[in-house]
Amino acid sequence: MKYAISFTIFCLCTSFALKSFADECPSNWKTLHPEWIWCDDFETDKTTSYFERTGPFNRTAGVGLNNSFGMQSTFTTGLLDGGSLKLAFGLTPPGSGFTPPTGVDTSTKFREVYYRLYIKIQPGWTNPNSKLTRATVVTSNDWSQAMISHLWSDSSHNNVLMSDPVSCVSGSTVQCIGYNDFAHFNWLGASVGTTAFFSPPILGTWKCIEHHVKLNDAGQSNGISEFWIDDRLEAGRSNLNFVGSYSAFGINAIFFENYINSGSPQAQSRYWDNIVVSTQRIGCNPSANALPAPANLRVL
C-alpha cells in the first residue's frame, strides 16, 4: 500500500509540475526573470503581439504541453507555408513595421540573444526540407538585413537540424537590399546537428530547442551560432564575422516558421509551445516529457 501511495504522490507532483511549466509566462514573468526579453506559453492569446502572423498557424486548446494551449501548424498536401509568428524586440528601424509587443524593450541594440521553444512533430511526418527559426538584424524600413542565423533543415540534411549563418555586411556597410536578398548573402558555413530530429522515436514527443546567437565584436570573427536539443549541445560555431563593424542595430527579430520549400508532400501538423527569448541561457524543464498520472490509479 505504501508503494501505491508513494507512486500516487509522485504522479500528482509530476502532473502539478507539468501544469506549472505549461503556465510558464504569468503576468509577472518580467519580474520573475529580468533577463527574459519575451515569454509566450500561449495560455493567454498574445498572437497579435507578433508584428506578423502568416498561414494556418493557430493558437489551439489541448495541443500544448500537458494538454495546454499551444500553436498548431497544419499543412495540406502541396502547401509551402504552414504559418509563422514574427517577433520584434529592441531597437527597430522606423517605418519597418517591426513593432515589439507592448512592454517589451524597444531601445536596446541586442548583441547576444538566446531563445528556446518546445516543438512536437506528428508521427508519420515527412520532411523534405523545412524551415524552423531565424534570428536577424533588420536595418531599414524595406526589411534589409545585416545578418541572419537560420535554424532549419535542407535537402542535404533533411533529417536533422542545422545552424546556417549568413552575413550581409562588408566592412560597416549593409550589402543586402530588402528581405532575403540571396544575391548578396555571404553564407558563413552551416553547423549540422546529429539528432535524427524528424524520425521516430522523436516524432510525437515534445523536444526542447534552444538557439544562441551572438554578434561579433567590430572587425573580429568571434560571433556565435549554436543550438541545443533537450539541453544537449548539438552543433555550432564561435568564429563568425556576422556584421563586420556595423553597429546601427542589433538583433531585433526572430521568426518562428513552418515552411517547406517544395511544398508539403502530405497533410501533416506540428505543434509549438513555451517560447522564451532571453539575454542568458534559458534551459529546458526536465519534467516536460514526464508521463502524467494515470487517470484510473487507485490506492489499495
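Over the ring of which residue does the charged end of Lys 86 sit?

Guide: The model is a predicted one. In it, the charged end of Lys 86 sits over the ring of Phe 255, at 5.3 Å from the ring centre. Phe 255 also belongs to an aromatic cluster, together with Phe 51, Phe 98, Trp 143 and Tyr 179. A further charge is placed over a ring at Phe 69, where the charged end of Arg 59 lies 3.8 Å from the centre.

The structure holds 20 aromatic pairs. One of them joins Trp 38 and Tyr 50: the ring centres are 5.6 Å apart and the planes stand at 85 degrees, so this pair is edge-to-face. Trp 38 belongs to strand β1 (residues 36–40), while Tyr 50 is in the loop between β1 and β2 (52–54), so the pair ties together parts 12 residues apart in sequence. Both Trp 38 and Tyr 50 are buried. Another edge-to-face pair is that of Phe 256 and Trp 272, with 6.3 Å from centre to centre and 85 degrees between the planes. Here Phe 256 comes from strand β17 (residues 253–260) and Trp 272 from strand β18 (residues 268–278), so parts 16 residues apart in sequence are tied together. Phe 256 and Trp 272 are both buried.

Strand β1 also takes part in a disulfide. A search of the whole structure finds three disulfides, and one of them links Cys 25 with Cys 39, the sulfur atoms being 1.8 Å apart. Cys 25 lies in the loop between α1 (2–22) and α2 (29–32) and Cys 39 in strand β1, so the link ties together parts 14 residues apart in sequence. The torsion about this S-S bond of Cys 25 and Cys 39 is about -75 degrees, so the disulfide is left-handed.

Cys 208 and Cys 284 form another disulfide, with 2.0 Å between their sulfur atoms. Cys 208 lies in strand β14 and Cys 284 in the segment after β18, so this pair ties together parts that are 76 residues apart in sequence.

Strand β14 (residues 206–214) also holds His 211. His 211 has 0% relative accessibility and therefore counts as buried. The side chain of His 211 makes polar contacts with the side chain of Ser 149 at 3.4 Å and with that of Ser 225 at 3.1 Å. Among the other residues that His 211 touches are Tyr 114, Tyr 115, His 150 and Phe 227.

Key
Residues are numbered from 1 along each chain as its sequence is written. This is a predicted model: local features need pLDDT of at least 70, side-chain atom pairs count only at pLDDT 80 or more; totals for chains, interfaces and linings use all residues. Side-chain values use heavy atoms; hydrogens and water are left out. Rings of Phe, Tyr and Trp (its six-membered ring) pair if their centres lie within 6.5 Å; planes under 30 degrees apart count as stacked, over 60 as edge-to-face and the rest as tilted. Helices (H or I, at least four residues) and strands (E, at least two) are DSSP runs, numbered from the N terminus. Buried means under 20% relative accessible area, exposed over 50%, partly exposed in between (1.4 Å probe, protein chains only). A charge sits over a ring if NZ of Lys or CZ of Arg is within 6 Å of the ring centre and within 35 degrees of the ring normal. A polar contact is a pair of N or O atoms within 3.5 Å; within protein, one must be able to donate a hydrogen and the other to accept it, and residues adjacent in sequence count only if both atoms are side-chain atoms. Contact means heavy atoms within 4.5 Å. A disulfide is a pair of cysteine sulfur atoms within 2.5 Å. Lists of a residue's contacts leave out its neighbours within four places in sequence.
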